[in-house]
Amino acid sequence: MPSANGPLFASCLHGFASTGLQNLRDQMPRLQCRQVRAIILFAMGTHRFRPFAAGALTLTLLAPVSGFGWGSEGHRIVNKLAASNLPPDVPAFLRSQAAIDEIEYLGPEPDRWRSRAEPELSAAQAPEHFIDLEPADALGPLPRNRLDFEALVFAHNQRPEKIGLQPWETVEVWQRLKAALREYRRLAADKSVGKSANQGDLRSVEQVAIFYAGWLGHYVGDGSQPLHTTINYDGWVLKDNPNGFSTAHGIHWRFEGPFVAANITAADVNKKMAEPKIISGDILDAYVAYLRHSATLIDSVYAFDKAGAFENGGTPQSREFTAERLAAGASELRDLIYTAWVESAKPVPDRN
């Protein structure tokens, strides 16, 4: 059973007593399945909660899996446009129509791993889709690698999965892509001089690189969605709320899911993309800066939602805003792939 000291569990349980199933439904997107089951079991054994338990059990079995990231449509747009706009000096295999189609398909792939059928996988990789910058920054400068950050969080009696691991996962997948492209360079060079390497290896490493590029795109797309950078991820939770933003759940999926699917096309997004560039300096620092820019737009998302601008067709301004955010994700992904290709030509540093 979740710790009785866990704030989400306590909040859910308190609301369960007062409002029944609706509170549990609202909390489910951030609760793991085992936590929901524990709440139900606790309720079934407690006289006060028992009347709600049977209905709650039905809810957990029948409720649809909530959307994550940009939803399938948004993630596919980000990946498709990134792959379609790679500079011509990127290898032809990454710019082929077959690669573009595969990278597009892979845009939603990590969300397909968030199923109740694979609870361990879902629990382990769920924190890789977001980072709540407010509690992360309260701990001090972000460490260089995931394990050091996790150690820092544990040292402050907190849990990494509650804060999120988005920037580290993104950089780790980017480094996988860079390593694959370095191997591609080696095998392509061997083939050009007639070395007797297994000729099938070159095709295999191309497929690996395409997969990593598509996988990377999911997290980069998540990072362009402002609500993936904040504790106010699905309803305003800070006590300081001078603009009277909604505290109710639903804004997250309303913005990134149905609104995008109904109103935003790849053509809308493509015309807002930035010019291609090689990312200079440290990749983690550059990516965290990208996340921090997304975080400056949290209030804009809430203001649009407060005005009803994510309902139905929204407004010209809300459609422009959403297309710009998707374009930021597509541009960042394209530039990360391009930078991985350029960086893959550099020699591997010697061990110290």
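Reader: Which residues of α14 meet which residues of α18 in this predicted model?

Author: In this predicted model, Y219, V220, G223 and S224 of α14 meet Y287, Y290, L291 and S294 of α18.

Reader: What makes residues of this contact nonpolar, polar or charged, and how many fall into each class?

Author: Tyr, Val and Leu count as nonpolar, whereas Gly is among the polar residues. The contact of α14 with α18 therefore divides into 5 nonpolar, 3 polar and no charged residues.

Reader: What else describes two packed helices, besides the angle between their axes?

Author: The distance between the axes is also part of the description.

Reader: What share of the residues of the protein counts as buried, and what makes a residue buried?

Author: A residue is called buried because its relative accessible area is under 20%. Of the 352 residues of the protein, 49% count as buried.

Reader: How many helices and strands does the protein have?

Author: The secondary structure comes to 20 helices and 0 strands.

Reader: What is the confidence of the prediction, and where is the pLDDT below 50?

Author: The mean pLDDT is 86, and 79% of the residues reach 70 or more. Over residues 1-44 the pLDDT is below 50, and over residues 49-67 the pLDDT is also below 50.

Key:
Residues numbered from 1 in each chain as written. Predicted model: local features only at pLDDT ≥ 70, side-chain atom pairs only at ≥ 80, totals over all residues. Heavy atoms only, no water. Helix = DSSP H or I, 4+ residues; strand = E, 2+ residues; numbered from the N terminus. Buried < 20%, exposed > 50% of the residue type's maximum accessible area, 1.4 Å probe, protein only. pLDDT = per-residue confidence, 0-100. Contact = heavy atoms within 4.5 Å.
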